[in-house]
There are 6 protein chains.
Amino acid sequence: MRPSGRTAGQIRPVTITRQFTCHAEGSVLIEFGNTKVICTATAEEGVPRFLKGQGKGWITAEYGMLPRSTHTRMRREAANGKQSGRTLEISRLIARALRAAVDLNALGENTITVDCDVIQADGGTRTASITGACVALVDALNHLRSKGAIKTNPLKHMIAAVSVGIYKGAPVSDLDYPEDSEAETDMNVVMTDTGKLIEVQGTAEEEPFSFDEMNDMMQLAKASIMELFEAQKTALI
Amino acid sequence: MRPSGRTAGQIRPVTITRQFTCHAEGSVLIEFGNTKVICTATAEEGVPRFLKGQGKGWITAEYGMLPRSTHTRMRREAANGKQSGRTLEISRLIARALRAAVDLNALGENTITVDCDVIQADGGTRTASITGACVALVDALNHLRSKGAIKTNPLKHMIAAVSVGIYKGAPVSDLDYPEDSEAETDMNVVMTDTGKLIEVQGTAEEEPFSFDEMNDMMQLAKASIMELFEAQKTALI
Amino acid sequence: MRPSGRTAGQIRPVTITRQFTCHAEGSVLIEFGNTKVICTATAEEGVPRFLKGQGKGWITAEYGMLPRSTHTRMRREAANGKQSGRTLEISRLIARALRAAVDLNALGENTITVDCDVIQADGGTRTASITGACVALVDALNHLRSKGAIKTNPLKHMIAAVSVGIYKGAPVSDLDYPEDSEAETDMNVVMTDTGKLIEVQGTAEEEPFSFDEMNDMMQLAKASIMELFEAQKTALI
Amino acid sequence: MRPSGRTAGQIRPVTITRQFTCHAEGSVLIEFGNTKVICTATAEEGVPRFLKGQGKGWITAEYGMLPRSTHTRMRREAANGKQSGRTLEISRLIARALRAAVDLNALGENTITVDCDVIQADGGTRTASITGACVALVDALNHLRSKGAIKTNPLKHMIAAVSVGIYKGAPVSDLDYPEDSEAETDMNVVMTDTGKLIEVQGTAEEEPFSFDEMNDMMQLAKASIMELFEAQKTALI
Amino acid sequence: MRPSGRTAGQIRPVTITRQFTCHAEGSVLIEFGNTKVICTATAEEGVPRFLKGQGKGWITAEYGMLPRSTHTRMRREAANGKQSGRTLEISRLIARALRAAVDLNALGENTITVDCDVIQADGGTRTASITGACVALVDALNHLRSKGAIKTNPLKHMIAAVSVGIYKGAPVSDLDYPEDSEAETDMNVVMTDTGKLIEVQGTAEEEPFSFDEMNDMMQLAKASIMELFEAQKTALI
Amino acid sequence: MRPSGRTAGQIRPVTITRQFTCHAEGSVLIEFGNTKVICTATAEEGVPRFLKGQGKGWITAEYGMLPRSTHTRMRREAANGKQSGRTLEISRLIARALRAAVDLNALGENTITVDCDVIQADGGTRTASITGACVALVDALNHLRSKGAIKTNPLKHMIAAVSVGIYKGAPVSDLDYPEDSEAETDMNVVMTDTGKLIEVQGTAEEEPFSFDEMNDMMQLAKASIMELFEAQKTALI
């Protein structure tokens, strides 16, 4: 029934490649099926001005898509002179989710900037970004520890994310582009590996959804995210 | 226990003033306690290029805050040369919610632009905006019908929105600024008057939240939004 | 003869509401008939870099219009990415006029930023802005005195402004939109309550005007502005 | 008493060089003493969208300063990414003044764009610009007539402009930079060669000015502008 | 003597991977050692306005770097709101070089947009971009032919590019980052596979260079580019 | 055979006028035939942040064209809100060339900013700019020496530049606009008066060029530039 032949709760094959590029403190290529995102984590000393002198760190994120990561070419945001609302919204989501995974006091006055650049898009780019970004973040935190910049591990828990939705009347997990573009409802869920919620964003694209449908989607999301934590663990061994 | 002395599920006094300004087809001042937003709905013939010739209408929205609507003055976005990510995110949310309330085919090739401008902020500006915008939208749709531009009422259902959150460990409804700035979790919920969901956006500001906490917040939201529908109805008589 | 039935020198009813919003040190809603402007004055410690260390204060102003304050919706300047020449010109005019009302040395190293946001436009928005801004400025200066930030009152005199013009061949005062859009000449005059001039800006929109016509307009302006000082006084009691 | 040794009503030597550059339909170098401005008038077929199909023409203007036209280098506006409020204000002033000199109906659907670029500044750049721009405009109109694009001369009258002010308590004409930076009041006056007013912009820089002072300045301006019309006539022979 | 141990004329290992991403008509990952660039070619019907109705096609290009493609993170140009001069200069170079490889008349009214995005930088990103872009261009042209949009092959010849320079007094080919940052002179050369020159850009970074040194560099470049044509041929089999 | 009747190696008459404007430390009008550029050099204390504390100076440059310096009016870059790629590329070229002429250590922590503004364009504006800028730079350096800001002359050698190209199959020097717009190849060469190369930028506009053609162009350039050094010397006496 799903165009890909997947079952309702079946996510796409997930591949996580660490050290994908050589300069960043953390560099991950994450693939959710045909969706491919490069996530790099850059660790720098110092914090933005509003945090100076508080002994706390900061985590920020930027999201982008290569112009031809999509079916038809999108205009390059750098050439447009501004980032779209969608881009800024996703950047803010990724950053907020990562900050919720880290004890910023334990990070000290260091800033980690995570860049998530989509090189091929097939739905779910923001959830793949968050899932990959967390692995890149771990590598950057380990880098800081190994060079002595921080004493303890600031990571409170791993985070991962998946999109779920109502497609042709039934809840499904990890929507690809053909599903996403026709789904009645789309919900992005970010969780901790302790089973708690970081972010829930559900949107009725076509039809309002019921509380029961929301619960069904939440259960699907929970199961799928648990699989993503396994993929992260395997990659981090 | 709440700084305002309200009970957990008690929303602030809601006032909806129609025809607040004289030029717009719909013009509403909505007040959620000290939060005050001017919502105007502008009806114009024609649609954006991507919709031309399809016989469908469009609804879009823009959100803004007067520089001194807040405790300390914010820089004017027009002077900054760009809208912040937060502004764009809220504009997109309002527009998406309103589109879900309307049968765009019945709207014909007309565009309604809703402007939500916060003149005084005390938490919950985006939910007040959505709730007031829906009333302004009704007036603009009635204007289109009365001048014969549309035949049937394109409104599928009323929508309204409230913020709920976990404040000092307990779920509360319609957070004001003192609560919002200390809440562990913040969730904005948009519903239809048929009891269904349009948008759910929950964010762990400090601590991840459990599925049970989410359910509690959802129930609070449902009850509060029902009160908002009453306020809308009273205003529209 | 005037569309509104007013006599040549008759200004529209003027209403000045102080403490219109709750956060700003000065907050005024001023109405010149259907023209309505929110004027807030924000007092902040410190001065712009070019004034640092001179012991002098600074006053600046920004003007804006809500998108649907006008008959047809104007594009939002924040979304356009820049303020129009008209907006910048009016902002500069308001700021210059207010600075001429204040002894900047007595203000000490404090900055007052006045925001004039038009919520409903019917001609004369810049003169209403100046007249309302001066009241908001008084409240902000009083705030600074009451908290001990300044010792003496830096206000040298009140200022107020009116537009005059040649409409259908005759000089009239306080043009509303229907008059303004057809006037041959339009002149904005800012005066002190000591009867002196701060700013005179006269423009031939259609036909050049004579020295005699200019004198007639100046006399009308003087009389009208004296009425505005009465309205300010009443509001400030 | 004036730093330059001039009498109160004495303007600086004025030089007007036509055909200063070779590509523009009108190209003038105007010098008011050490103030030097290149004014070019470009005639193009067609009008902006808001005028299409009305059979009327349009005149617009842009003002700029070379970065080192001033005592210390100003940042290049093209590099800043925006024009300052002052630049836009002067551009609007020049355009408005030129439009008041021309019968736009007689211009037909042609647009004339006047560029005034200051290559050396010593006060009075906007009045020199207007005075030179009018000569460049005449050349561009003659170009249109000689190629048959227009039948009659759309010029209604010549215009010219001068700045006057109160310097050390006395009214003076054509302020140079040392005077301008210390003047109590500064007034720019644009007139027609039929002795009427196009634009009056008076500003109290330091001290409010009286109605009498304003009249004195206006009389000085009138006499000086008459001299400028002589300079224009000589150049146009 | 070279940090990498390479001989003066030895280029880095070159890898060209076609169909690197799935949406673009041409998609190539090119590697010059540690320099890695994704080059996609997008074929679209129609041409920019200035070419409409001439029956000719157009080729354009945009260059970008992922923020952490470099040793330290660069600010994202989309977030900065503008592309740097360096970015625009390289984009123009790539586009010009590709246009010189193609008979634009034979391309018909089609546009090919080539995006070169550096995911890892180690010197020579612009020459790697040109060399990879030509392969992506070939795939896009073949796509147009196979779908019947063009009749004949518009490709006049292959192009490839290499950087050469004077490093520690001696000419070397294909500079990597450690060499590039210390080279006295840097020259980028673009050639056709018929042995002719498309572009030569030589710059004295530290010391002026002699005509003899220039000739030496040109000879090195020629030999290296011939190797690149072999790599392209192998990839295109 | 050349439209101007010049021989292949004949450059246009060159005029260099020093002290063209009065404020800048160096101010030159350079004319290559009908191409006229104002070059000003501004000397300021201090250096950009990336150089602070190293005891070295900096030289930067900006290039611009008056809107009607060309056959048809170009849009003003300041009004566009950004500089074109071509403008930035030429600015970078001029700055790089001037830095190669100066010992930045001997300059001390001073910055020289050169502005090259084209007031009339007829081909070769960038080479005229470089040639004139070097003279303005000399004047600014002498200014610094005469006021004691630097001890020794930081100038290592004079620089000058010319464009050469293949026009109707034959190499020619100093292309004017009619030649430039039809040339098969265009090459800009910057040299020192010690006979060495600073910059070589050759581009095949239509047809690839051979190594022999390149050599021919280089020889023409060398001879022409030697004439430019004579013109500089004459101007600097």
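**Exercise 1: How the copies are arranged**

Chain A can be laid on chain B by a turn of 180° and a shift of 0.0 Å along the axis, with an RMSD of 0.0 Å. Work out what symmetry relates the two copies, and which residue of chain A comes closest to the rotation axis.

*Solution*

Step 1. This is a predicted model, so start with confidence: chain A averages a pLDDT of 97, and 100% of its residues score at least 70. The model scores ipTM 0.96 and pTM 0.95.

Step 2. Take the turn of 180° and the shift of 0.0 Å along the axis. The two copies are thus related as by a two-fold rotation axis.

Step 3. Now look along chain A: A:Gln201 comes closest to the axis, with its C-alpha at 2.2 Å.

Step 4. Check the interface. The copies meet through the same surface, because 100% of the interface residues of chain A are also interface residues in chain B.

**Exercise 2: The surroundings of B:Arg18**

Find where B:Arg18 sits in chain B, and which side chain it joins in a polar contact.

*Solution*

Step 1. B:Arg18 lies in strand E1, residues 14-18 of chain B.

Step 2. Skip the neighbours within four places in sequence, and the contacts of B:Arg18 include B:Ser27, B:Val28, B:Val135 and B:Leu236.

Step 3. Now the polar partners. The side chains of B:Arg18 and B:Asp139 are joined by a polar contact of 2.7 Å. The B:Arg18 side chain also reaches the backbone oxygen of B:Ala235, at 2.9 Å.

Key:
Residues are numbered from 1 along each chain as its sequence is written. Chains are lettered from A and ligands numbered from 1 in the order in which they are written. This is a predicted model: local features need pLDDT of at least 70, side-chain atom pairs count only at pLDDT 80 or more; totals for chains, interfaces and linings use all residues. Side-chain values use heavy atoms; hydrogens and water are left out. Copies are superposed by least squares on the C-alpha atoms of residues with pLDDT of at least 70 in both. Contact means heavy atoms within 4.5 Å. pLDDT is the predictor's confidence in each residue, from 0 to 100. Helices (H or I, at least four residues) and strands (E, at least two) are DSSP runs, numbered from the N terminus. A polar contact is a pair of N or O atoms within 3.5 Å; within protein, one must be able to donate a hydrogen and the other to accept it, and residues adjacent in sequence count only if both atoms are side-chain atoms.
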